[in-house]
Amino acid sequence: MTQFPNLAGMVLIPAYNEGATIGRIVEESAWATGWPVLVIDDGSLDDTVARAAAAGARVLPLVMNIGSWGAVQAGIRCALEAGAELVVTMDADGQHLADHLYRLVEPIRAGDADVTIGAHVGRASAARLLAWRIFRAITGLGVEDLTSGFRGYNRAALRILASPDATLLDYQDIGVLMLLREADLRFLEVEVEMRPRTSGQSRVFSSWLRVARYLAVTLVLCVSKWEHSGPWVRNAQPRRT
Amino acid sequence: MPFTYQLTSALLGLGLATGILYLVRRNHLHTRYALPWLIVAGIIGLLGVFPSLADTISSHLGISYPPTLVLVGAVALLVIKLLVMDIDRSQSEVRVQRLIQRLAILEERIEALQGRRGSPPP
């Protein structure tokens with residue numbers, strides 16, 4: 001356990017029907033960091049909200065399902081308003097280990113990075129590695145694990161990600177990284193272990209049709225933002241809606 | 001009186017214009033959306049009453065079969081209209097999503113103030 005009592009941090013956990021695991025994840029991450037844990041409930045149909053609250057989390061109840069990134073962004077906006085200096089995001093399905101949260105926090109606290117990405121390349125299938133390689137080649141992002149939802153953001157990164165321009169994104173992956181890169185923020189990828197999922201499925205890689213859609217959408221995003229991505233971030237002033 | 005090409009087309013334009021005005025009157029259509037449709041109705045009526053207009057414009061543009069001009073023009077307008085609709089939809093999706101987020105943030109804050117979930121106020 002490496003707690004950071006002098007740092008105004010927050011743990012964000014987007015959750016959709018994760019009642020089976022959410023309680024334990026909340027307790028573990030609160031214990032590991034000593035920070036408030038914010039569960040963003042993405043319109044779950046099960047007892048996710050009750051279990052998260054019972055475990056001591058603050059819960060943002062989204063009235064309807066707006067997708068994983070929409071949920072994370074809701075948490076980011078809330079964290080900014082609460083004055084958080086540093087935020088870590090983790091999945092609710094148990095694959096990210098609370099014991100490794102400090103690895104995301106340390107480089108940001110030390111000023112070595114604005115954004116940290118918990119990577120576990122070993123978990124990826126050959127097809128996924130190929131997809132990442134292609135997207136890496138197109139975007140020029142020097143990040144191995146492009147889809148990892150195990151990330152740390154400092155306040156500068158949070159401000160950019162809270163903007164309406166970021167609301168247009170579909171996933172917390174390449175689009176988010178491209179947006180942050182445009183603002184010249186520094187990434188650092190840290191190697192972490194991941195558990196096999198104990199419940200649920202990957203929300204991105206759950207069926208072939210979804211994979212195809214994801215790849216197509218991401219490809220369009222990469223191509224359209226290639227080279228000419230300046231105005232996107234220059235407009236990214238945080239506004240209230 | 002037999003229905004001529006002019007009469008049919010003019011009636012079509014007139015009918016469309018009447019329909020649009022009726023929808024606005026019944027509050028089914030926003031006034032600002034009505035305007036482009038009234039212009040379209042006007043063009044249909046105009047081309048109907050004066051079919052030679054299409055011929056004149058076509059000959060200037062080097063189109064040998066004037067109806068092509070009308071059809072291509074209509075398709076182009078429809079494509080532009082659909083694209084504008086999707087742009088509008090993207091913008092309103094962003095607005096709705098941000099409202100959902102804000103609603104959740106405010107709801108959490110109220111819950112915290114009331115102390116029902118036992119979490120400290122932000």
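**Chain A, burial and fold.** I looked up burial in chain A of this predicted model and found that buried residues account for 48% of its 241 residues. I then listed the secondary structure of chain A, which consists of 10 helices and seven strands. For contacts in chain A between residues at least 6 apart in sequence, I noted that 79% join residues at least 24 apart.

**Core.** I next examined the largest nonpolar core, which contains 72 residues. The residues with the most contacts inside this core are A:Leu12, A:Leu38, A:Val39, A:Ile40 and A:Val87. I recorded that helix 3 of chain A, residues 68-81, gives the most to this core, namely seven residues.

**Interface.** I turned to the two chains together and found 17 residues of chain B in contact with 20 residues of chain A. Sorted by class, the side of chain B that touches chain A comprises seven nonpolar, six charged and four polar residues.

**B:Asn27.** I located B:Asn27 in the loop that links helix 1 (5-25) to helix 2 (31-49) of chain B. I class B:Asn27 as exposed because 8 other C-beta atoms lie within 10 Å, and the exposed class requires 12 or fewer. Finally, I checked B:Asn27 against B:Ala10, 17 residues away along the chain, and noted a C-alpha separation of 26 Å.

How values were computed:
Residues are numbered from 1 along each chain as its sequence is written. Chains are lettered from A and ligands numbered from 1 in the order in which they are written. This is a predicted model: local features need pLDDT of at least 70, side-chain atom pairs count only at pLDDT 80 or more; totals for chains, interfaces and linings use all residues. Helices (H or I, at least four residues) and strands (E, at least two) are DSSP runs, numbered from the N terminus. A residue is buried if 20 or more other C-beta atoms lie within 10 Å of its own, exposed if 12 or fewer, and partly exposed in between; C-beta atoms are placed from the backbone. Two residues are in contact if their C-beta atoms, placed from the backbone, lie within 7 Å. Ala, Val, Leu, Ile, Met, Phe, Trp, Tyr, Cys and Pro count as nonpolar, Asp, Glu, Lys and Arg as charged, and the others, Gly among them, as polar. A nonpolar core is a set of buried Ala, Val, Leu, Ile, Met, Phe, Trp, Tyr and Cys residues joined through C-beta atoms within 7 Å.
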